[in-house]
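I opened the model to look up a few helix contacts and a ligand shell. My entries follow.

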Amino acid sequence: MDSLRVHLVNPSDNSFGTAVITPRWLFVLAAATPRTAGDPILVDESLEQIVPESIEPGDIVGISVHTGNALRGYAVGRMARSRGAWVIYGGIHATLFPEEVLERGEGHAVVTGDGDVAWGRAVTDCIAGKLEKIYEGGRIEGGEFLTARWDLMDPEKYMWASVQTIRGCPKHCSFCSVWRTDGQKPRQRQYQSVVEEFVGLRRLGFRFIALADDNFYPVTLTDLRRAKEQNNAAKLEELTTIRNERFQLMEEMAKLPKDMVFYTQMTMEAAEDVTFLDAMQKANIKGALVGIEAVTPEGLKAVYKDWNLSGDAMIKQLQTFREHKVYVLGSFIFGLPTDNPSTFDATVEMALKAGVTFAQFVMMTPFPGTVDFARWEKEQAENPTMVGDVPITRYWMIPTEVRPKMFTPHPTMSSDEIRQRTQKVWDKFYTWRASWKRSACCPDLRARIAFMFLSKLYRQMYAGTGISTDSARRKKSKAWARWTAHQCKKLFRAKPMPELESPKWRIGLSSATQAAFAGVNGTEIVGPFVAIPKN
Ligand code: B12
Ligand code: SF4
């Protein structure tokens, strides 16, 4: 057992040498790895592929799979098992399909749900020679979320770090699995541990941080109004507590070094809550991915998102974000049953008119765990469409070279037409000219250059390699993205600030967070659930 090592692998078919955002799970699971097993070896294949010879008999290999990288994850797992290692899967896809990962990925075990606590159990059991097949991680409380082991990261490889402040989302969009897997009850991390993590990252020279949140704005003004109208005092108190904690976090973020830039994900309703937007701006949360999805009322209804406004009202809401200096990455879906050829132009024009700073145009994909997927699987049950010997409803197991770009048939447009029109929308939104115009939101020339590079990189990484069916174009895009990513990296690095002090808290945190904090400079731990800064 002396030489046993734990490997954690983030599988990817596309390695760019540099990545934009750190895969947070890797560093959180590193923190969850029992000390007795030593420091785990972290392999992020979005940087470089795993070297099989690094795996030795008796090693433990933890692999994270989401639907998009499941096939690669299974290949890594089979390779590791053939070299005599113990293979344990986790992540959203493993949570939804535990049997599949055990079978196709030849896993010895699978951890479903949150891994912060369950991974430690699996590793300890494996070392003791009594590994079980299934470990149910469930949904842990916000106070139990672990602080990531950033000390194990190579800071030279990533542009942005990622920190999670909240999990779960009260909405129920038809194309999204978050509300089903992570639940509709928002689970917030204690703000002190979040701030500690920001400080640690800034010390290392990271000033750009993506907040890996499902929905940073979990309580809307409408929710509060409804609870009041229903005289539901308990609900009102619960919502108010969640909301207040958001403000507390942002208040503390506002005290961090001014060069820090945060980016999150949230719903469009935040435009009605300018107090919240102003707090975000003060907290240096400069941008947010906002799911706009569709520009017509019919499109929004189709995805159960009819609480989003459409037309001019939508444009006004998006402009409100901008007026309050929260810049939006608008996310749109193409291929909804209500779409027709005119939808594509209408969408890009709307995106340009509303002044969204970045945009992504994704093609409708039925992800497992969603309402859309369940409906589609039911439709396909009797007479499933096959690609080779794989039913289309298990599309992630179709080899990438022959995997269709779209899976659900559209009533009037072919998949190819949707793909080509989507590609054109990306091209139209990300012209040099349009991107330069949008870069005016940046404070100085250096930032404008970074913005231009990031715009091009984003377009290239997504549309160039993801949507395109032309292998020559994909190859060129990958090479270009690799080069640009390398250049971009320098633009995002900041001078490390090893002297940066953490706020001096008197905190009452869960035992898991206390363990992660042990010995952190300036932290005073007091009785449970008291949260008072020392000065
Ligand atoms: C932040 C985020 C992003 C960011 C950052 C990605 C990055 N580099 O980290 C951005 C915006 C770039 C992004 C992009 C995309 N994302 Co995303 N993203 C998220 C989000 C909101 C949070 C992920 C996160 O970091 N969480 C924090 C970490 C700590 O939690 P975690 O990853 O869940 O890991 C925990 C457990 O799952 C478990 N675990 C995970 N791995 C392992 C491994 C082992 C061995 C074990 C034991 C346990 C374990 O333990 C961890 C700790 O509790 C999730 C939603 C969600 N709730 O998961 C969606 C989500 C993962 N994304 C999703 C999708 C679809 C995408 C895109 C395809 C979107 C698109 N159309 O472009 C791309 C794909 C990018 C790619 N190729 O990976 C889907 C995946 C659905 C699916 N079935 O696969 C999710 C679930 C959201 C959704 N709408 O349903 N994403
Ligand atoms: S798409 Fe966004 S708003 Fe809708 S359920 Fe998922 S996380 Fe929530």
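**Helix contacts and a ligand shell**

I looked up α1 against α5 first: V28, L29 and A32 in α1 are in contact with G115, D116, W119 and G120 in α5, contact being heavy atoms within 4.5 Å. By class I get four nonpolar, two polar and one charged (Ala, Val, Leu, Ile, Met, Phe, Trp, Tyr, Cys and Pro are nonpolar; Asp, Glu, Lys and Arg charged; the others, Gly among them, polar).

The model is predicted; local features need pLDDT of at least 70 and side-chain atom pairs 80 or more, while totals for chains, interfaces and linings use all residues. Residues are numbered from 1 along each chain as its sequence is written, chains are lettered from A and ligands numbered from 1 in the order written, and side-chain values use heavy atoms, without hydrogens and water.

Next I looked up the geometry. Helix α1 (residues 24-32) packs on helix α5 (residues 115-127) at about 50°, with axes 8 Å apart (axes are lines fitted to C-alpha atoms over the stretch in contact; angles run from 0 to 180 degrees between N-to-C directions). I therefore note α1 as oblique to α5.

Helix α13 (residues 341-354) and helix α15 (residues 415-429) pack at about 20°, axes 10 Å apart. The pair is therefore roughly parallel (under 35 degrees). Their contact has eight nonpolar, one polar and five charged residues.

Last, which residues surround ligand 2? I find C169, K171, C173, F175, C176, W179, D214 and T267, with a heavy atom within 4 Å as the cut-off. The shell divides into five nonpolar, one polar and two charged.

Definitions and conventions:
Helix = DSSP H or I, 4+ residues; strand = E, 2+ residues; numbered from the N terminus. Parallel < 35°, antiparallel > 145°, perpendicular 65-115°, else oblique.
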